[in-house]
Amino acid sequence: MPDALSIVVVEKDRERALLIVDSLREAGDFDIFVISEETGLARRISERNPDVVLVDVSNPSRDMLEELTLASSPMDRPVAMFVDRSDNSLTKAAIEAGVSAYVVDGLRADRIKPIMDAAIARFHMFQRMRVELQATKRALEERKVIDRAKGLLMKAKGIDEDEAYALLRKTAMDQGRKVVDVAQALVTAAGLLS
């Protein structure tokens, strides 16, 4: 059986914290920890290293959003925030702080688990997109290096593009290296010689 999902609930009001905890306990087996003070929030969340953070606050301050950014950057974990009221700038700031679900006037016991599930799903979707974007950027950079190396070989040896790539590939295989590594070494060496 997998470990229980670890959840940090940030809530000043004891009654509202109990409502959230009771709702979560009814919905499943979770490891729940409540933080009632906003001071040192980043440090306390980081110490707990939860899977999910649920924040309930009547009106989030910029300071709280900065603390959340420090504790839960978009790369770290899903964050669902329940607020009583908000404005466009705070909503935007919350999303930029890494909040996966921002719910205005939405703290009801029957909605907590579905909103948390949606925040987790959205977080994982964006996580996949970030990984794919990084892989695409890396592939594009590698392609640029290989193209530069092919150009250098074509000019230096008077060969065509296919022959230049074949030479890079053969060299890489002979040396037990990746084509991009051989290409980078060639581009670096050419830069030193020019």
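1. In this predicted model, helices H6 and H7 lie roughly perpendicular to each other, because the angle between them, about 110°, falls in the range of 65 to 115 degrees that counts as roughly perpendicular. Helix H6 covers residues 161-175 and helix H7 covers residues 179-193, and their axes are 8 Å apart.

2. The contact between these two helices is made on the H6 side by Tyr165, Leu168, Arg169, Thr171, Ala172 and Gln175, and on the H7 side by Val179, Val182, Ala183 and Leu186. Sorted by class, the contact of H6 with H7 consists of seven nonpolar residues, two polar residues and one charged residue.

3. The largest nonpolar core has 19 residues, and those that touch the most other members are Ile7, Leu24, Leu54, Phe82 and Met116. At least two residues of this core come from each of strands S1, S2, S3, S4 and S5 and helices H1 and H5, with H5 giving the most, namely five residues.

4. For Leu54, if neighbours within four places in sequence are left aside, the residues in contact include Ile7, Leu24, Phe82 and Met116, as well as Val8, Ala80 and Ile112. A second, separate core has 18 residues, among them Val8, Leu41, Met64 and Leu65.

5. Arg77 sits in the loop between helix H3 (62-71) and strand S4 (79-83), and this residue counts as buried because its relative accessibility is 4%, where buried means under 20%. The side chain of Arg77 makes a polar contact with the side chain of Asn49 at 2.8 Å, and the Arg77 side chain also reaches the backbone oxygen of Pro50 at 2.9 Å.

Terms used:
Residues numbered from 1 in each chain as written. Predicted model: local features only at pLDDT ≥ 70, side-chain atom pairs only at ≥ 80, totals over all residues. Heavy atoms only, no water. Helix = DSSP H or I, 4+ residues; strand = E, 2+ residues; numbered from the N terminus. Buried < 20%, exposed > 50% of the residue type's maximum accessible area, 1.4 Å probe, protein only. Polar contact = N/O pair within 3.5 Å; in protein donor to acceptor, adjacent residues only side chain to side chain. Axes fitted to C-alpha atoms, helices over the stretch in contact; angles between N-to-C directions. Parallel < 35°, antiparallel > 145°, perpendicular 65-115°, else oblique. Contact = heavy atoms within 4.5 Å. Nonpolar A, V, L, I, M, F, W, Y, C, P; charged D, E, K, R; others polar. Core = buried A, V, L, I, M, F, W, Y, C linked by side-chain atoms within 4.5 Å.
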